[in-house]
Amino acid sequence: QVQLVESGGGLVQPGGSLRLSCAASGSIFSISTMGWYRQAPGKKRELVASTAGGGTTNYADSVKGRFTISRDNAKNTVYLQMNSLKPEDTAVYYCNADVTLQSRFRNAFWGQGTQVTVSS
């Protein structure tokens, strides 16, 4: 149906930057909200940032001013620019998309996750 493929994770030192990408493909009619979530070991998955189809963005308080979410609707791709990274940003980052399929069935889809590790 729909595949979300993430890339851009890795190991970075505190204060460094990373850019995550997530491309959606498949039987897509339209995508409304796209977002990034993260899950650290022993913790619940939490919303990091999201962007609605009209461009409205939403950020977790912990990343405001450091992370920026953007999207390319023509490519069905969402990005997360992460600056001034902190060790507490270490987690598996997951992409999420609210997709209406060609069949007009609507569902939320998840990527496989990409590891971000912030450590010296």
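## A guided tour from Y93

Begin by selecting Y93, which, apart from neighbours within four places in sequence, is in contact with E6, L20, W36, Y37, R38, V48, F67, L80, M82, G113, T114 and V116; contact means heavy atoms within 4.5 Å. The model is predicted, so local features need pLDDT of at least 70 and side-chain atom pairs count only at pLDDT 80 or more, while totals for chains, interfaces and linings use all residues. Residues are numbered from 1 along each chain as its sequence is written, and side-chain values use heavy atoms, with hydrogens and water left out.

**The core.** Next, select W36, L80 and M82 together with Y93: these have the most contacts inside the largest nonpolar core, which has 31 residues. Such a core is a set of buried Ala, Val, Leu, Ile, Met, Phe, Trp, Tyr and Cys residues joined through side-chain atoms within 4.5 Å. Buried means under 20% relative accessible area, exposed over 50%, and partly exposed in between (1.4 Å probe, protein chains only). Among the elements that give two or more residues to this core are β4 (28-39), β8 (77-82) and β9 (91-101); strands are DSSP runs of E, at least two residues long, numbered from the N terminus. The most comes from β9, with 6 residues. In soluble globular proteins, nonpolar side chains tend to be buried together.

**The disulfide.** Now select C22 and C95, whose sulfur atoms lie 2.1 Å apart and form a disulfide (a pair of cysteine sulfur atoms within 2.5 Å). C22 belongs to strand β3 and C95 to strand β9, so that the pair links distant parts of the chain, 73 residues apart. The link is left-handed, with -80° about the S-S bond. Both C22 and C95 are buried.

**Two loop residues.** Most residues other than glycine have a negative phi. Select N76, in the loop between β7 and β8: N76 is not a glycine, yet has a positive phi of about 50°. With 23% relative accessibility, N76 counts as partly exposed. Then move to R104, in the loop between β9 and β10 (106-110). R104, also not a glycine, has a positive phi of about 75°, and is partly exposed at a relative accessible area of 49%.

**The largest pocket.** Finally, select R38, Q39, A40, K43, K44, E46, P87, E88, D89, T90 and A91, which line the largest pocket. On a 1 Å grid over the protein atoms alone, a pocket is an open set of points where a 1.4 Å probe fits, with protein on both sides within 12 Å along at least five of seven lines; lining residues have an atom within 4 Å of a point. Its volume, the space filled by probe spheres set on the points, is about 160 Å³.

Conventions: Helix = DSSP H or I, 4+ residues; strand = E, 2+ residues; numbered from the N terminus.
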